[in-house]
Amino acid sequence: MKDFFGPFTAFIEERFDLTPLRRWARHKKVPQHKHSFWYYFGGLALFIISLQFVTGILMAFYYSPTPDTAHESVRYIMEKVHYGWLIRSMHFWGANFLVAVVLVHMFSTYFMKAYRKPRELMWLIGVLLAGLVLAFAFTGYLLPWTTLSYFATKVGVNMPMVMPGIGGFLSRLLAGGEDVGAATLTRMFTLHVVLLPILTLVLVTAHVFLSQVFGSSVPLSQKGYSEETRFFPTFVLRDSAVWAGMLAILIAFVTIFPANLSSKVNPVMPAPAGIKPEWYFLFLFQTLRTFPEIPAIAAVTIGLIIWMLVPFLDKRSAKGERSTFFTLFGVAILVYMIAMTMMAYITTEVH
Amino acid sequence: MIIAALGAADSLASQIPSFSDRLNFSLPLIAVLLVVSFFLLLKSYTVERGGKEDVPGRGGKDQPG
């Protein structure tokens with residue numbers, strides 16, 4: 001294999017000095033302890049994001065973002081384009097897996113207190129990236145222009161309306177008018193394929209760069225017990241093994257449950273009963289259904305701000321001390337999200 | 001439930017390949033990916049234990065870059 005790449009390596013080495021890169025690869029270490037398993041979720045998220053980019057670009061060759069053609073173009077992708085069903089199903093399941101992996105990565109980072117000094121900025125960028133992943137999911141949902149995606153987006157676009165002052169403006173900004181229509185479809189498409197990918201590329205680059213600068217954080221409980229393994233080749237090989245396994249799981253899902261395409265929306269028809277958002281928005285949906293809207297929105301906003309500022313609020317972790325309060329805060333958020341999601345499943349009619 | 005879901009998926013997009021066709025396409029791919037994954041994992045442990053392998057390029061592990 002070395003001989004196979006030999007001429008290519010020689011070509012590069014004649015032109016560029018690879019010594020710093022080689023030195024970096026040789027000396028970079030990854031902590032090895034009983035919680036090291038969680039380190040793989042960051043790389044896994046990066047892998048799925050790459051898959052989403054590839055499958056998304058392939059679909060963009062055929063997709064047409066107008067109310068007259070959106071549904072037909074998706075049907076064309078599914079039924080006529082070679083392996084179109086596979087590409088779209090991978091994009092669909094990839095989005096679901098990505099949200100799940102990003103949530104696991106975020107909560108594992110939180111509970112290992114990996115946000116503590118000097119990684120505060122990494123945490124902030126990570127939370128923003130989690131928000132971008134959810135924004136991708138929200139903007140992509142409308143694109144097939146089905147009854148379900150139309151009315152679910154309508155619920156989402158109307159959510160800011162309850163906010164005093166800027167609520168109406170935000171809602172119109174998202175919808176491109178008073179109601180969900182052609183302008184909303186164009187906006188969601190532009191956000192989904194232009195703005196969000198650019199922001200994601202910038203933030204992912206910054207996140208990965210910072211993770212190389214600071215390395216992986218060792219949980220406080222493992223200080224003194226942690227060994228080290230080489231990043232190259234050991235960790236890279238294991239990361240690749242996880243990625244290959246993930247791809248196998250994704251293909252299995254795609255084969256057993258290919259993405260379906262429900263009926264095209266007729267906007268003048270009333271919304272069908274039991275409309276509910278995708279699983280990752282259910283906790284928010286249920287929060288708004290359970291509590292008065294303005295206090296609910298205020299509580300979620302405050303919770304999110306605290307969540308983002310945790311590295312600056314958790315002074316004990318920064319000093320290397322246990323911070324039970326913030327562990328309990330994380331547990332409370334997680335339990336609340338799971339409980340609200342389950343409640344939404346139980347109390348909403350299955351569509 | 002899985003069977004019902006398969007049926008629903010097939011009826012909603014009747015033109016996509018049937019479940020058996022999809023399986024014929026995917027099973028070899030999944031098998032290859034799992035084998036690759038297994039060997040990568042095996043290799044990582046061999047490399048870690050042996051410590052013989054090195055980053056690509058000239059020189060051994062302990063030689064200065």
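Let's start with chain B. Of its 65 residues, 14% are buried, where buried is 20 or more other C-beta atoms within 10 Å of the residue's own, exposed is 12 or fewer, and partly exposed is in between, with C-beta atoms placed from the backbone.

Quick housekeeping. This is a predicted model, so local features need pLDDT of at least 70 and side-chain atom pairs count only at pLDDT 80 or more, while totals for chains, interfaces and linings use all residues. Residues are numbered from 1 along each chain as its sequence is written, and chains are lettered from A and ligands numbered from 1 in the order in which they are written.

So what confidence does the predictor report for the complex? An ipTM of 0.85 and a pTM of 0.89. For chain B, the average pLDDT, which is the predictor's confidence in each residue from 0 to 100, is 72, and 55% of the residues score at least 70. Residues 1-13 of chain B stay under 50, and the model has 18 contacts for them beyond four places in sequence. A contact here is two residues whose C-beta atoms, placed from the backbone, lie within 7 Å. Residues 57-65 of chain B are also below 50, with 9 contacts in the model beyond near neighbours in sequence.

Now the interface. Chain B puts in 29 residues and chain A puts in 31. On the chain B side, helix 1 (2-12) and helix 2 (19-50) each supply at least two residues, and helix 2 gives the most, with 15. By class, that side of chain B is 19 nonpolar, 6 polar and 4 charged. For the classes, Ala, Val, Leu, Ile, Met, Phe, Trp, Tyr, Cys and Pro count as nonpolar, Asp, Glu, Lys and Arg as charged, and the others, Gly among them, as polar.

Over to chain A, with its 14 helices and 2 strands. Its C-alpha trace spans about 65 × 55 × 35 Å along the principal axes. Among chain A contacts with a separation of 6 or more, 80% are between residues 24 or more positions apart.

Two helix pairs to look at. Helix 5 (residues 84-111) and helix 14 (residues 324-347) of chain A have axes that come within 10 Å and cross at roughly 155°. Axes are lines fitted to C-alpha atoms, for helices over the stretch in contact, and angles run from 0 to 180 degrees between N-to-C directions. Helix 5 and helix 14 of chain A are therefore roughly antiparallel; the cut-offs are under 35 degrees for roughly parallel, over 145 for roughly antiparallel, 65 to 115 for roughly perpendicular, and oblique for the rest. A:Phe107, A:Tyr110 and A:Phe111 in helix 5 meet A:Thr327, A:Gly330 and A:Leu334 in helix 14. That contact has 4 nonpolar, 2 polar and no charged residues.

The other pair is helix 11 (residues 282-290) and helix 12 (residues 293-313) of chain A, with axes within 8 Å, crossing at roughly 145°. A:Leu284, A:Thr287 and A:Leu288 of helix 11 touch A:Glu293, A:Ala296 and A:Val300 of helix 12.

Last bit, backbone geometry. Most residues other than glycine have a negative phi, and most peptide bonds are trans. Which peptide bonds are cis here? One joins A:Lys117 and A:Pro118, with omega about 10°, and A:Pro118 is in the loop between helix 5 and helix 6 (120-141) of chain A. Another runs from A:Phe232 to A:Pro233, omega near 5°, and A:Pro233 is in helix 10 (residues 231-256) of chain A.

On positive phi, A:Tyr83 is at about 60°, in the loop between helix 4 (70-79) and helix 5 of chain A. A:Trp145 has phi near 55° and lies in the loop between helix 6 and helix 7 (147-158) of chain A. Buried or partly exposed? A:Tyr83 has 13 C-beta neighbours inside 10 Å, so A:Tyr83 counts as partly exposed. A:Trp145 is buried, with 23 other C-beta atoms within 10 Å.

How values were computed: Helices (H or I, at least four residues) and strands (E, at least two) are DSSP runs, numbered from the N terminus.
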